[in-house]
Amino acid sequence: MLIHNATVLTFDEQLSVLADGAVRVTGDTIDAVGPSAELCLRFADDEQWNAQGLVLMPGQICAHTHFYGAFARGLYVPGPPAKDFPEILQRLWWRLDKALDLGGVRSSAEVCLVDAIRNGCTTLIDHHASQRAIDGSLDVIAGAIEASGLRAVLCYEVSDRDGPDAARAGVRENVRFMKQLNRVGAPNGNASAPKRIAATFGLHASMTLSDETLEACVAAANRFHIHVAEHPADEYDSLQRSGKRVVERLHDFGVTGPASIMAHCIHIDAWEMALLRETGTFVTHQPRSNMNNAVGAAAIDPMLRGGIKVCLGNDGFSNDMFAEMKAADLLQKVTHGDPRALGADKVLQMAVVNNRALASLFFDKPVGVVAPGAYADLLLLDYHPTTPLTVENLPWHILFGMSGGHVHSTICHGRVLMKNRALVTMDEAAISAQSREVARQTWARYW
């Protein structure tokens, strides 16, 4: 397939902009990028897709999300509003995840995957919890992802909050799923066959993990995905348990490292940042969720300046990563009272460069870039800029011009998932109808 007559945004190191560009896709991979006239002549016999001037760019990557949270939308939580994040966890999220059965896990994931396709988010790193439906839950999510055509990294969040049996089941589910993917030749540990689904090992947070459970997890895996210091309660708990701050405690158990993801890291101090830098640990930032939960704003500028690999996730908010990029920039500006804080170029460092580096841990070809040899994860946007779009100002067009609503077509792994805003792989109406019924059942168990 040859997509031509497009404004191609490669998101390579030069942030190249091809005014009348073309991209050739063979199977699941990009094999040529260049001027339309040249590629149309070279590949005249290919299936032709005339983009008619639409913007073509790589599919977006989300570094931290929660498919299981879809049924929180519109859910009434009785009593006075939660006063802080620990209360939000106890009264909303930990009750909701225990209300899910495997049918709810599948339906909730499908809702999020439809949203991802519509908003052009083609790679998602999920962090799952369903404390009364643990065994097989990752298979259920994987089945929904396979059907959708999207790309994802999955894990189950191990936690002691519901007792030792649930903690052991969480460990077992992570180990089982990782071994299963290895047996079928997934990139996680075996790059012999290209796959769209990979795995890591999920942990909830230091404050819900005993020393014994952490030891069991570290004995089972060497890469992790965990929430860190999202609220000061996590730091206070760690100090009380161990006399160490959260990153220090996790580091001493072996949870840090260049294949591990620490989400949020809002209330860490300079010494914890130094540990993250020294160990090459990835950090993910979720500004819309942080604002919603009133947990504060992470020190993004200092972390980036220090070379920490800060990525961008959404924590289960909508999969419009354009909106997440805008929020990241605005949150830093209002927090510091300084319009110079962060900036669109640094936002792209997180959302494009660092997210791409994180995804490279799990997949055998690059994603998040339009270049020969990369997976064909592509978006077409009906964004028609009213000012010149150049290499120099591209980050500001991304932040202040583009949105998920501009996504016209979505391609992942060389497969068209949405064309001209019509979903191809998922029946949105049927999924929505099913989710309304499943949500009603889930809410009944929540009460």
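Helix α4 is followed by G149, whose phi is positive, near 90 degrees. The model in view is a predicted one, in which local features need pLDDT of at least 70 and side-chain atom pairs count only at pLDDT 80 or more, whereas totals for chains, interfaces and linings use all residues. Residues are numbered from 1 along each chain as its sequence is written, and side-chain values use heavy atoms, with hydrogens and water left out.

**Two helices**

Helices (H or I, at least four residues) and strands (E, at least two) are DSSP runs, numbered from the N terminus. The expected span of a helix is 1.5 Å times one less than its number of residues. Helix α4 covers residues 137-148, and from its first C-alpha to its last it reaches 17 Å, close to the 16 Å expected. Helix α5 has 20 residues and reaches 29 Å between its first and last C-alpha, which is close to the 28 Å expected.

A residue is called buried when its relative accessible area is under 20%, exposed when it is over 50%, and partly exposed in between (1.4 Å probe, protein chains only). In α4 the buried residues include L138, V140, I141, A144 and I145. An α-helix has 3.6 residues a turn, so residues three or four places apart point the same way. The buried residues of α4 are covered by, among others, α3 (102-119), β7 (121-126), α5 (164-183) and β18 (415-419). In α5 the buried residues include A166, G170, E173, N174, F177 and L181, and among the elements that cover the buried residues of α5 are α4, β9 (157-158) and α6 (211-220).

**A cavity and a pocket**

Both kinds of space are found on a 1 Å grid over the protein atoms alone: a cavity is a set of points where a 1.4 Å probe fits but cannot get out, a pocket is an open set with protein on both sides within 12 Å along at least five of seven lines, and lining residues have an atom within 4 Å of a point. Grid points are joined across faces, edges and corners, and a volume is the space filled by probe spheres set on the points.

The structure holds one cavity of 30 Å³ or more, and the largest cavity has a volume of about 70 Å³. The lining of this cavity is made by F11, M57, P58, G59, Q60, I61, A351, V352 and G368, and β5 (55-58), β6 (60-65) and α13 (344-359) each supply at least two of its residues.

The largest pocket has a volume of about 1,200 Å³. Of the 50 residues that line this pocket, G69, A72, R73, W93 and G316 lie nearest its centre.

**Aromatic pairs**

Rings of Phe, Tyr and Trp (its six-membered ring) pair if their centres lie within 6.5 Å, and planes under 30 degrees apart count as stacked, over 60 as edge-to-face and the rest as tilted. The structure holds four aromatic pairs. In one of them, the ring centres of Y68 and W93 are 6.3 Å apart with planes at 90 degrees, so the pair is edge-to-face. Y68 belongs to the loop between β6 and α2 and W93 to helix α2, 25 residues apart. Y68 is buried, at 7% relative accessibility, whereas W93 is partly exposed, at 22%.

The rings of Y76 and W447 have centres 6.2 Å apart and planes at 45 degrees, so this pair is tilted. Y76 lies in the loop between β6 and α2 and W447 in the segment after α15, so the pair ties together parts that are 371 residues apart in sequence. Y76 is exposed at 54% relative accessibility, and W447 is exposed at 51%. Together with Y446, Y76 and W447 form one aromatic cluster.

L379 is placed in strand β16 (residues 378-381) and is buried at 0% relative accessibility. Which residues are in contact with L379, leaving aside its neighbours within four places in sequence? Taking contact to mean heavy atoms within 4.5 Å, they include V55, M57, P58, G120 and T410. L379 and P58 are 321 residues apart in sequence, yet their C-alpha atoms are 5.9 Å apart in space.

N290, found in helix α10, is buried with a relative accessible area of 0%. Leaving aside neighbours within four places in sequence, N290 is in contact with residues including E230, H264, H285 and V295.
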